[in-house]
Amino acid sequence: MDWWVWTLIGFFFLALEFVASTMHSAFFAAGAFLVALLVALHVGGPMWVQLLTFTVFSLVTLLIIRPFVVRKLKLSETKVVDTMIGEQAILMEDLPPAGVGKAEMRGSTWNARNVGETAMRRGQRCTVERIEGLVLYVRA
C-alpha cells in the first residue's frame, strides 16, 4: 500500500480518538503513521509485513503505554461535580425501615430508600447518606 493511504488511515484513527477520547484509537493512528513513514522510506516491505507491523506496533503500544497515559491524564477518575450527601430531602410518602418511596430534593423527585431503623412519615425531612444512581439512601 502507498504511504499516503497509511497516512489517511492514521488521520482516520486520530479523528476517531478526538471523538471518543478514550485513548484507544490514538495508538492505532500511531501504528498507521509508523507504517506510512516506513513505506515512504522504502523499508515497509510487502503488504503482509505492513499489516503485521501496524498490528503489532498498535497493540504493543496500546497495552504498554495506555495505562500510563490514562493515569497521567486522569481519564479513569470519576469526577464529583456536586455532592448531595448530607443535604436534606423531604419525603413525599411514608417510608418504613428499609422501605422504598419518593422524596423531593432540589426541586426534583427522587427514589428514596430508608436506611434507618425507624419509620419516617410523609413531609418529614431526612438526611441523604449516599446516592447510587437515582436512589437517595436517607435517614431520619
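Predicted model: local features only at pLDDT ≥ 70, side-chain atom pairs only at ≥ 80, totals over all residues.
Local features need pLDDT of at least 70 and side-chain atom pairs count only at pLDDT 80 or more, while totals for chains, interfaces and linings use all residues. Residues are numbered from 1 along each chain as its sequence is written, and side-chain values use heavy atoms, with hydrogens and water left out.

**Exercise 1.** Determine which residues of helix H1 are buried, and what covers them.

Solution. Helices (H or I, at least four residues) and strands (E, at least two) are DSSP runs, numbered from the N terminus. Taking buried as under 20% relative accessible area and exposed as over 50% (1.4 Å probe, protein chains only), one finds Trp 6, Thr 7, Gly 10, Phe 13 and Glu 17 buried in H1. Seen down the axis of H1, these residues fall within an arc of 125°, so they line one face of the helix; the arc is that of the directions from the helix axis to the C-beta atoms. Their cover includes helix H2 (25-40) and helix H3 (47-73), where contact means heavy atoms within 4.5 Å.

**Exercise 2.** State in what order the strands close into a barrel.

Solution. Strands pair if DSSP finds at least two bridges between them. The 5 strands close in the order E1-E2-E3-E5-E4, with mixed pairing. Strand E1 (residues 88-91) and strand E2 (residues 100-105) run antiparallel and are joined by 2 bridges; Leu 91 has Ala 103 of E2 as its bridge partner.
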